[in-house]
Amino acid sequence: MSMDDPALRHGIHELIAEYAECIDEDRLEAWPELFADPCRYLVTSRANHEAGLPQGIMYAASRGMLLDRVFSLRRANIFEPHRYRHVVGPIRIKSVEDGVAAVQSHFIAARIMHDGVMSLFATGRYLDRIDVAASPFRFRERIVVLDSDKIDTLLAIPL
Amino acid sequence: MSLSGISAESPVESTIAWPSNGISEVPFRLYTDPAQYQREQERLFRGPTWNYLCLAVEVANPGDYVATTVGETAVIVVRGADGAINAFVNRCAHRGNLLCLERNGSSKEFSCIYHGWTYDLTGQLTGVAFEHGVKRQGGMPPEFRKEEHRLLRLRTAELGGLVFGTFSDATPDLETYLGADVTRGLLRVMNRTPRLLGRSTQVMPNNWKLYFENVKDTYHASILHLFLTTFRINRLSMPGGIYINHEGGNHYSYAKLDYAAEDADYQAARLRADSEFRLQDNSVVESVDEYGDQISVQILTVFPGMVLQQVRNTIAVRVVRPRGVDKAELEWIHLGFDTDDDAMTERRLRQGNLIGAAGYISMEDGCVGGFVQRALHYNDDGAGLVMMGGHEAESQTFRASEAAIRGFWKHYRSLMGE
């Protein structure tokens, strides 16, 4: 599949848009289905990423770990109700090799608390490796590189 | 000498009334009063206490430096040419400018960007731009001596690969300060050369003390943090205990785990039908008894702002840094060791989901202090109760206790002169 193939571009854009919608519209149970299994999901900071340090803030290596994250949010963890609004910027396909596309995009995420207080919560890059050999496309790897290494209060909902 | 500028004593005494001479009733105003906050900076963080500075491996070679803060005071930590670790206030002796603007790096000297004054790795002033003027006009007066000026110095000490600093000459040596029990607890965890795995900072909307008390609070763990009970993990806990040092501010609590029984329990759980109440992927809690003593949780604090944790196979230093009366930063410094193989590193990373800003058993600690702070805002009359397990701050063989919080207030009242 060529990088210029409209079907490839369309499938990648759909996956990335669906990811943000799942989170922002509180359809978190559908979020793990966007990943292959096994997979790699990591939220980290630019500082850790550039220093080659492996530990970030949130990590999953399987669809099961993603499901557990959602179950825990729904049933176990206590925090003030809130939502995000993701705005995902230019999506660039860097390469396609052996059915895996390397894709980079940018995002900003606002956090809206249940009482209406709104703030800029996070900005960063998505570094994706996407399975494009079969449809629908799935994330084999999504590294969320946050521009800042400071998190306000807590990170409950995935970014 | 230009050593003045950071006073050890505040002339303003506290007007906050304690309900008794004891340590089991704590005035709420201590979390909201700006003057109290300033006194804490002087008497605790710049007083006779040891504060975490960095890992020794971060300043492995001469010239390697880290810029950090002790309380709110900016500090540089640097390995000197003689191999000693030096620390000094990050403030040029000339006009008080921040000398070092990078978080870390390596340098032969420190040079101020403002007027080019330079300092060697011990903090001694070595160069003044245009010291003798330009074409013999201007320049420093004849009585000025560079050797009489240096950066305000901290004493440093190293234990278990962790570097500490203190502003006060009155601080006892580090191991005496920690006490024998807490020293033993620190060296138990830091028994190999640490390797930095990553770091992040949580910004908390509350007074720094609310977090430090939370860490010492062994009472709340199974009540606020529901992850382990929801997923039926760790029901096989064996007894633990709490050690508190004489002054009260340093402690460690621990709990043991029957690792083999837990593993058997996981195997049995796989067969159960109620799959929604078990983890889909157990690797977030699958741990090994890496210390060979069955202790699965050890939480250790060093007054006033450092935490060393072992939660299963996650090892982390946490540093609490006050940032105003109702704001604090919590830095998480995640560690492995030089002996770790790839499987051990992966184990630590997966269990890393338990801790930090997104931690299954820690995220609530990031918001609960803010809830308290909000309740106290304009409503800070009265005092909180810290009476679980009695009124004293003694070591205990059970964990449903607030003894370590009382220990914090014992040390606090002593140093604050309250």
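Author: This is a predicted model. A place to begin is R136(B), which counts as exposed because its relative accessibility is 82%, the cut-off for exposed being over 50%. R136(B) sits in the loop between strand 9 and strand 10 of chain B.

Reader: What is the phi of R136(B) near?

Author: The general idea is that most residues other than glycine have a negative phi, and most peptide bonds are trans. R136(B) has phi near 65°, a positive value in a residue other than glycine. F130(B) is also not a glycine and has a positive phi of about 55°.

Reader: Where does F130(B) lie, and is F130(B) buried or exposed?

Author: F130(B) lies in the loop between strand 9 and strand 10 (153-159) of chain B. Its relative accessible area is 62%, so F130(B) is exposed.

Reader: Next, sheets. In what order do the strands of the open three-stranded sheet of chain B come?

Author: In general, strands of a sheet pair through backbone hydrogen bonds, either parallel or antiparallel. Here the order is 7-8-9, and the pairing is antiparallel. Strand 7 (110-111) and strand 9 (125-127) of chain B are at the edges; each has a single partner strand, so one side of each has no neighbour in the sheet.

Reader: How many bridges pair strand 8 of chain B with strand 9 of chain B?

Author: Strand 8 (residues 118-119) and strand 9 of chain B are paired over two bridges, in the antiparallel sense. For T118(B), the bridge partner in strand 9 of chain B is G127(B).

Reader: Now burial. Is A316(B) buried or exposed, and which residues does A316(B) touch?

Author: A316(B) is buried because its relative accessibility is 0%, where the cut-off is under 20%. A316(B) is placed in strand 17 (residues 314-322) of chain B. Leaving out residues up to four places away in sequence, A316(B) touches V307(B), L308(B), Q309(B), W332(B), I333(B), H334(B) and I355(B).

Reader: What is the relative accessible area of Q351(B), and which backbone oxygen lies 2.9 Å from a polar atom of its side chain?

Author: The relative accessible area of Q351(B) is 0%, so Q351(B) is buried. Q351(B) is in helix 8 of chain B. The backbone oxygen in question is that of E286(B), 2.9 Å from a polar atom of the Q351(B) side chain. Among the residues that Q351(B) touches, not counting those up to four places away in sequence, are S283(B), V284(B), V311(B), R312(B) and T314(B).

Reader: Last, the interface. What area is buried between chain B and chain A?

Author: The size of an interface is often given as the accessible area lost when the parts come together. Between chain B and chain A about 3300 Å² is buried, with carbon and sulfur atoms giving 54% of that area. In residues, 38 of chain B are in contact with 33 of chain A.

Reader: How many residue pairs are in polar contact, and which element gives the most to the side of chain B that touches chain A?

Author: There are 23 residue pairs in polar contact between chain B and chain A, both residues at pLDDT 80 or more. Strand 12 of chain B gives the most to the side that touches chain A, with eight residues. The residues of that side are 16 nonpolar, 12 polar and 10 charged.

Reader: How many salt bridges does the rule find across the interface, and how does strand 12 of chain B meet strand 8 of chain A?

Author: The rule finds three salt bridges between chain B and chain A. One of the salt bridges joins the side chains of E329(B) and K150(A), at 3.1 Å from N to O. Strand 8 (residues 150-152) of chain A and strand 12 of chain B run parallel and are joined by three bridges. D152(A) has V203(B) as its bridge partner in strand 12 of chain B.

Definitions and conventions: Residues are numbered from 1 along each chain as its sequence is written. Chains are lettered from A and ligands numbered from 1 in the order in which they are written. This is a predicted model: local features need pLDDT of at least 70, side-chain atom pairs count only at pLDDT 80 or more; totals for chains, interfaces and linings use all residues. Side-chain values use heavy atoms; hydrogens and water are left out. Contact means heavy atoms within 4.5 Å. Buried area is the accessible area (1.4 Å probe) that two parts lose on being put together, summed over both. A salt bridge is a side-chain nitrogen of Lys or Arg within 4 Å of a carboxyl oxygen of Asp or Glu. A polar contact is a pair of N or O atoms within 3.5 Å; within protein, one must be able to donate a hydrogen and the other to accept it, and residues adjacent in sequence count only if both atoms are side-chain atoms. Helices (H or I, at least four residues) and strands (E, at least two) are DSSP runs, numbered from the N terminus. Ala, Val, Leu, Ile, Met, Phe, Trp, Tyr, Cys and Pro count as nonpolar, Asp, Glu, Lys and Arg as charged, and the others, Gly among them, as polar. Two strands pair if DSSP finds at least two bridges between them. Buried means under 20% relative accessible area, exposed over 50%, partly exposed in between (1.4 Å probe, protein chains only).
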